[in-house]
Each structure stands twice: as C-alpha cells, then as structure tokens.
Amino acid sequence: MNAVIVEDEKLSAEHLSLLLHRIDKDIKVINYFDSVKATSKAFNEGLQADLLFLDIRLADGNSFDIFPKTKIDIPIIFTTAYDNYAIQAFKQNGID
Amino acid sequence: MVDRKNRFLYMFGIGLVISSLFKPLFFKSEPFFDDVFITIIIATVIILEGNLRIDTWLGQKYSWATLPKKRVIAQLLSLLIYSLFLLYLLMFVIHFLKSGKYDLMNPKMRQVLIPATFVTIAVLAIDIGYQFFKAWKQSLIEVEKYKAESANAQLQNLKNQLNPHFLFNNLSVLSSLVYQNQDKAVDFINELSKVYRYVLDNKNAELVSLQEELDFLAHYIYLLKIRFGENITFDIRIDESENSYLPPMCLQMLAENTIQHNETSNANPLKVSIFTENNRLIVSNPTQPRSDKSESSRTGLKNMKLRYQFFIDDQIEIIHTEKKFTVILPLIKKK
C-alpha cells in the first residue's frame, strides 16, 4: 500500500512513517509534502497513491485549501493538533 | 469649549443681560438704550474673553492636577485684578462720555466697584471650585482608565504567554525525538524548560534587558529549528544591547507571529531578520502570506503596543507592505 504524508513538521512526518512501518511493513510512504502548493501540484500532475495522511495546518496555509484546486479521490486521514478543525474535516467527508 | 463664533455670541448675550440689569440700576435717569448701554456690553465681552484667555494661558502653565495651589492663587489674583481694572476703566469711560471730565474716582465708581469686587470674588471662587472639581474628576477617570487598561494588558499578556498549542506542538515533537535521537531529545527538553523558566521568572517583570530577551529567543529558536528545520532561519545582528530594555516576551511574540502569518515551507523558507538601529529593535521578514489568515496576532501586537505605552511615548511602528513586514520596537533606556 502506498501512502503519502502531508505534514509541515518533518519530525512528525518521520514519526508517523515510523509508526506506519511498525504496524505493517507493506505500507510504503512514497512521498512527503509540507505545503498546500506542493501537494496540489503533485496530485494535479497525476500522483497515484492509496492513502493520504493530511495534516491540517501546513507550511503555507490550511490543507482544506487543497480541495478546491485538486481532486483527490483516495481515502484521507486527517492528522491534527487542532480539534476545532474536526468539524470542517467531517464536512470534507473525512472520517474521524 | 465652544467654537469662536458661538463663544462671542454667548458672551454678547451675557453682556446684553448684564447691561439690561445694571444700566437701570446705576444710571437710572438716562434713556435705556444709549452709548453707555453699548459700552457695558462691549466691556463685558472684553472682560469675559480676557478671563477665558487668562484661564487657558494659566492652564498651560499650571495644571489643576499637578500644581493646584499655585493655580488657585494665580487664577484668583490675575482674574480679580484684570476684571476690576477693566470695570474701573469702564466706569471711567462712561463717566467721561457723560460728563466730559477726567475723574479718577467718583462716588458712583465707589458705589459700583466695592460690590463688584465681592461679586467677582464670589464668581471666581465658584468657578475655581468647579474647575478644580472637574480636574479632580478627570484625573480620577484617567486613573481608572489606566487601571483597567493595565489589568487588561496583563491579562492578555498572561494569556499570550506561550499559547497552549506551543506546549502541545513541542510535546508532540518531543515524542518523535525520543524515538529517533535520544541525545537531541534531552537537549530539546532542556531548551523547552529554559523557555518556560524564562516565562515564569518574568511573569511579573515590567521590563527586561535586551540581552535577556535575546538569550530567551535563542532557546525559543532552537525549538523552532527542531520543528521547522531549514524552513525558517533567523538572521540576528545586534550591536547595541547595553542599557536597553523592553517588555518581556516581545521578541518571542514577534518571532511566533512570523510563523503564524507566513509560509515556511521547504520550497519557500522564511528568513527573519532581527537587528538594532538607532536605539530601535527591528524585526523584519519578507511577506509570504499563508493562504489561511489567522486572526490572533493583531491582538498580540495591540497588546504589545499597550504595554509599551506604559513606559515611553515612543510607539511601536508596524510597517506592512506587499514585500515586507516590519515591526520597529523602541528600546527603553533606564536612567
């Protein structure tokens, strides 16, 4: 399974990757992005993945800004420290 | 104070009333409207205008709040002498107009001037009492206002002392670090504890030295660098830190602000400059706005301005252009 991690803090991304590796060695993190722009660009250019880990506060804005510009039809797991974003995540069809 | 035109109309009205009252009282025999009637009006206007001007002039020299004793004496004496002298002059002119004689003192003058002295003293006493009361009330209001502002600023300051997310974010970083690099994790804990130690130590401090703030900032930046790596850099050039003070945590707040509002990505790292120039501390970064606007910092800057107001008249300057965001903090000198 190919996963993409979008996270503005490198350590957190690495940590998440470590956790994923521990759960299942078959989960491969194929890309890291830290910004709305980089993520949008990659998916618009046809990046293929099975699962997206999406932090909400990114280096250049809020990850909800990705959706108007980019169609992403793979499952998304929102990862955030900000609980007030949860409601908005549901509205974007996220699952808690 | 009413504007000029209204002021003269108002005084003219008073003159009219005084003239209508005094004219029949002291110049019974003559017709009601004559040159004397007009002279009284003009004199009243001159006396009132002069009184107001003396009052304004004294107001600049001795304020009620700081030099009340001097003000009372100066106000009473100058206004009394001015009013009585003009009144005397008025009587003299009227007498001259009517009889054509230069009489330095005639019975009518005595008849008018003695009661007029008492009336003037009474009016002045009431006026002084009223002004004094007004100044006292005003100063009470100001004290209350400052108290409220100070309490509010302190509260905001406490609230802003490292927003709760700061601890959360850092703990989350720490939990990653513990797995990956134990030595670094220990350093990180030390730096984090130094940051909190500074906050606790300076919770009640009004001013801290620039050097202390810079040392604190170094710990804070260490934490940021662990989180954001090369995505944020600080260029710090401080030449003058001797005898320079500022309210605590201003620097940290400004550093935090830059991250709150700007892109700090791998593709677009943020470079923050901090330097001194002409007794000012300047924190500047290129404007690379995030697509989501966070609102929090305006209150932070406002609160910082408020905290500065307690110490100096010099104000914080915020220059926001399309290319650059700059905050200029005056450095406070202790005598």
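# Exercises on a predicted two-chain model

Strand β3 (residues 51–55) of chain A pairs with β6(A) in the parallel sense, over 4 bridges. Strands here are DSSP runs of E with at least two residues, helices are runs of H or I with at least four residues, and both are numbered from the N terminus. Two strands pair if DSSP finds at least two bridges between them.

This is a predicted model, in which local features need pLDDT of at least 70, side-chain atom pairs count only at pLDDT 80 or more, and totals for chains, interfaces and linings use all residues. Residues are numbered from 1 along each chain as its sequence is written, while chains are lettered from A and ligands numbered from 1 in the order in which they are written.

## Exercise 1

Task: describe strand β6 of chain A.

Solution. 
- Step 1. Find a bridge: Asp55(A) has Thr79(A) in β6(A) as its bridge partner.
- Step 2. Sort the residues of β6(A) (residues 76–79) by face: Ile76(A) and Phe78(A) form the covered face, Ile77(A) and Thr79(A) the uncovered one.
- Step 3. Recall the rule: in a regular strand the side chains alternate between the two faces of the sheet.

## Exercise 2

Task: state which residues of helix α2 of chain A are buried, and what they pack against.

Solution. 
- Step 1. Apply the cut-offs: a residue is buried if 20 or more other C-beta atoms lie within 10 Å of its own, exposed if 12 or fewer, and partly exposed in between, with C-beta atoms placed from the backbone.
- Step 2. In α2(A) (residues 36–44), the buried residues are Val36(A), Lys37(A), Ala38(A), Thr39(A) and Phe43(A).
- Step 3. These buried residues pack against β1 (2–6), β2 (28–33), β4 (57–58) and β5 (61–62) of chain A.
- Step 4. Look just after α2(A): Gly46(A) has a positive phi of about 95°.

## Exercise 3

Task: describe the open sheet of 5 strands in chain B.

Solution. 
- Step 1. Write the order: β2-β4-β5-β7-β6 (chain B), with mixed pairing.
- Step 2. Name the edges: β2 (232–237) and β6 (317–320) of chain B each pair on one side only.
- Step 3. Check one pair: β6(B) and β7(B) (residues 324–330) are antiparallel over 4 bridges, and His320(B) stands opposite Phe325(B).

## Exercise 4

Task: find the largest nonpolar core and the residues with the most contacts inside it.

Solution. 
- Step 1. Define the core: a set of buried Ala, Val, Leu, Ile, Met, Phe, Trp, Tyr and Cys residues joined through C-beta atoms within 7 Å.
- Step 2. The largest core has 35 residues, and those with the most contacts inside it are Tyr220(B), Leu246(B), Cys250(B) and Leu254(B).
- Step 3. Its largest share, 8 residues, comes from α7(B).
- Step 4. Leu254(B) touches Val283(B) and Val327(B), not counting residues up to four places away in sequence. Two residues are in contact if their C-beta atoms, placed from the backbone, lie within 7 Å.

## Exercise 5

Task: count the residues in the contact of the two chains.

Solution. 
- Step 1. Chain B gives 23 residues and chain A gives 18 residues.
- Step 2. On the side of chain B that touches chain A, α5(B) gives the most, with 9 residues.
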